[in-house]
Amino acid sequence: MKDNPVTGKLHFEEAIIAALKEDIPWEDVSANAVVPAGERGHADLLCKQDGVIAGLNVFARVFTLLDERAEVVLHAKDGDRVKKGQLLAEVTGDMRAILSGERTALNFLGRMSGIATYTRAVADLLEGTETKLLDTRKTTPTLRVFEKYAVTAGGGNNHRFNLSDGVLLKDNHIGAAGGVKEAIAAARAYAPFVRKIEIEVETIAQLKDALEAGADIVMLDNMDMDTLKEAVALAKGRAETEISGNVTKENAARYAALGVNYISSGALTHSAPALDVSLKHLKKI
């Protein structure tokens, strides 16, 4: 994983260490009982179903945190389509560390690869269109850095990373401000001039208010298909459009056909099943 605002090295390491502390509060009783201290071993990382892999460097870092002499040889890279039975990596190191880190490493890799696999399936449906696929903030608390990275590995794009990252006015912001126009005016007055203003609208009346107030992006939330068609036509040339609300791989292509700029889907991160990966053939060397 690259060292950038979405996959910052510090956050990345802290989260892995926290996961290891959760699983090994003071010792791994099982590993320590059956393996003498200092004994080294080798194991294979195997893929158990077809998909898209993501998080291989996270997988590897688990073992090098537990054993600085550990070596992880990768036979794939993040974003690759992988097949059932494929050898993805080999791990060599202290056998206690391999046993103790196994579940944490596989949890990260399986979760991230599941997101990448689901994202790739949706992104493939949008291929050839002008529509960009976006994720949302519907992520697992403290694990957003990994989950949003996995979206990009699967061919998607990141929406704002956190609340400091951009202006997005939703229904409760509108309610608090007293209306669509009032919310946009307040955001314009407060936010730096370089910030785009995005606002969520649920009706054509709200959309018209947003366009009159000069919104940069309008999020068309939970609208039926006929209303969406009207909304996209109204916004064309006046604001960018984003469709949101119950977007899945079953309906994404229909939405893209409307000519919207963006489709955002919480399902990429909250509904993707984990990819089945396994560490096998551990043996003494």
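Me: Which cluster do ring pairs form?

Reply: This is a predicted model, and a search of the whole of it finds three aromatic pairs. Ring pairs link three residues into a cluster: Phe12, Phe108 and Phe146.

Me: Is the pair of Phe59 and Phe63 stacked, tilted or edge-to-face?

Reply: A pair of aromatic rings is described by the distance of the centres and the angle of the planes. For Phe59 and Phe63 the centres are 5.1 Å apart. Their planes stand at 70 degrees, and an angle over 60 counts as edge-to-face, so the pair is edge-to-face.

Me: Where do Phe59 and Phe63 lie, and is Phe63 buried or exposed?

Reply: Both residues belong to helix H3 (residues 56–66), four residues apart, about one turn of the helix. An α-helix has 3.6 residues a turn, so residues three or four places apart point the same way. Phe59 has a relative accessible area of 0% and is buried. For Phe63 the value is 1%, and because buried means under 20%, Phe63 is buried.

Me: How many residues apart in sequence are the parts that the pair of Phe108 and Phe146 ties together?

Reply: The rings of Phe108 and Phe146 form a tilted pair, 4.8 Å centre to centre with 45 degrees between the planes. Both residues are buried. Phe108 lies in helix H4 and Phe146 in helix H5 (residues 144–153), so the parts tied together are apart in sequence by 38 residues.

Me: At which residue does H4 bend?

Reply: H4 (residues 95–126) has 32 residues and reaches 45 Å from its first C-alpha to its last, close to the 46 Å expected. Just after H4, Gly128 takes a positive phi of about 90 degrees. The bend, of about 45 degrees, is at Gly101.

Me: How many residues of strand S10 are buried?

Reply: S10 (residues 240–244) is joined to strand S9 (residues 217–221) by five bridges, and the two run parallel. S10 also pairs with strand S11 (residues 262–264) in the parallel sense over two bridges. S10 is largely enclosed by the rest of the structure, because the buried residues among its five number four.

Me: What is the bridge partner of Glu242 in S11?

Reply: S9, helix H9 (residues 225–235) and S10 make a right-handed β-α-β unit. Within S10, Glu242 is the bridge partner of Met219. In S11, the bridge partner of Glu242 is Tyr262.

How values were computed
Residues numbered from 1 in each chain as written. Predicted model: local features only at pLDDT ≥ 70, side-chain atom pairs only at ≥ 80, totals over all residues. Heavy atoms only, no water. Expected span 1.5 Å × (residues − 1). Bend = angle between axes of the 7 residues up to and from the residue. Phe/Tyr/Trp six-rings, centres within 6.5 Å; stacked < 30°, edge-to-face > 60°. Buried < 20%, exposed > 50% of the residue type's maximum accessible area, 1.4 Å probe, protein only. Pairing = 2+ DSSP bridges. Right-handed = clockwise from strand over helix to strand, strands pointing away.
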